[in-house]
Amino acid sequence: MNMKRQISICIILTTMAIILGMLYMKINNDSSINSPENNTENSTLSTDEKSTDSITSSNEYVNYYFCAKNEDGRVAIYDTKTQTLYMETSIETRFLPEEIQKELKVGIYFKTDEELFDFLESYSS
């Protein structure tokens, strides 16, 4: 009887592990489908993909933690999780390349603080 009990427990645990693994894969696949494509090194988005009136508007940007935007002629950094101002910079947008100025109108998204600070470092004086 003891051997049958051990086998039953092993089967139950194996079944649970398989189910949890499948759930984990499904969650990861869903989040990778919803994340925007990386067109540039610092994960910028085009104007068609993002409204200029909000920082984040759906779950598709859930993996991005920071958003750089043009606020009153300067680069401002927002926390996408709380949708609050994270940092004001002294970087004036008028001195940035035209392509970066366009991207800042809709937001440039960063997955890590390292990506964010690399971007800021490359455009600060």
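This passage describes the fold, the side-chain contacts and the surface of a predicted model. Residues are numbered from 1 along each chain as its sequence is written, and side-chain values use heavy atoms, with hydrogens and water left out. Because the model is predicted, local features need pLDDT of at least 70 and side-chain atom pairs count only at pLDDT 80 or more, while totals for chains, interfaces and linings use all residues.

The chain contains three helices and four strands, which follow one another along the sequence in the pattern α-β-β-β-α-β-α. Helices (H or I, at least four residues) and strands (E, at least two) are DSSP runs, numbered from the N terminus. Helix α1 covers residues 2-34, helix α2 residues 98-106 and helix α3 residues 113-123. Among the strands, β1 spans residues 66-71, while β2 and β3 span 74-79 and 84-92. Of the 125 residues of the chain, 29% count as buried. Buried means under 20% relative accessible area, exposed means over 50%, and partly exposed lies in between (1.4 Å probe, protein chains only).

T80 is located in the loop between β2 and β3 and is buried, at 6% relative accessibility. Its side chain comes to 2.3 Å from the backbone oxygen of Y64. T89 belongs to strand β3 and is likewise buried, with a relative accessible area of 13%.

A salt bridge is defined as a side-chain nitrogen of Lys or Arg within 4 Å of a carboxyl oxygen of Asp or Glu. By this rule, two salt bridges are counted. One joins R94 to E92, with 2.7 Å between the closest N and O atoms. In this pair R94 is exposed, at 58% relative accessibility, whereas E92 is partly exposed, at 25%. The other joins K102 to E98, with the closest N and O atoms 3.7 Å apart. Both K102 and E98 lie in helix α2, four residues apart, or about one turn of the helix. K102 is partly exposed, at 44% relative accessibility, and E98 is exposed, at 55%.

Patches are made of residues with over 30% relative accessible area and no salt bridge; like charges are joined within 9 Å and nonpolar side chains (Val, Leu, Ile, Met, Phe, Trp, Tyr) within 5 Å. Lys and Arg count as positive and Asp and Glu as negative, with His and the chain ends not counted. The place of a charge is taken as NZ of Lys, CZ of Arg, CG of Asp or CD of Glu. Accessible areas come from the Shrake-Rupley method with a 1.4 Å probe; for residues, only the protein chains shown count as cover. The negative patch consists of D113, E114, D118 and E121. Of these residues, E114 is located in helix α3 and is exposed, with a relative accessible area of 56%. The nonpolar patch is formed by I9, I12, L13 and M16, which together have about 390 Å² of accessible area. I12 is placed in helix α1.

Backbone geometry was also examined. Most residues other than glycine have a negative phi. D72, although not a glycine, has a positive phi of about 55°. This residue sits in the loop between β1 and β2 and is exposed, with a relative accessible area of 79%. Q83, also a residue other than glycine, has a positive phi near 55°. Q83 is in the loop between β2 and β3 and is partly exposed, at 42% relative accessibility.

One pair of residues separated in sequence was also examined. N70, in strand β1, is partly exposed, with a relative accessible area of 29%. N70 and I108 are separated by 38 residues in sequence and by 9.8 Å in space, C-alpha to C-alpha.

How values were computed
A polar contact is a pair of N or O atoms within 3.5 Å; within protein, one must be able to donate a hydrogen and the other to accept it, and residues adjacent in sequence count only if both atoms are side-chain atoms.
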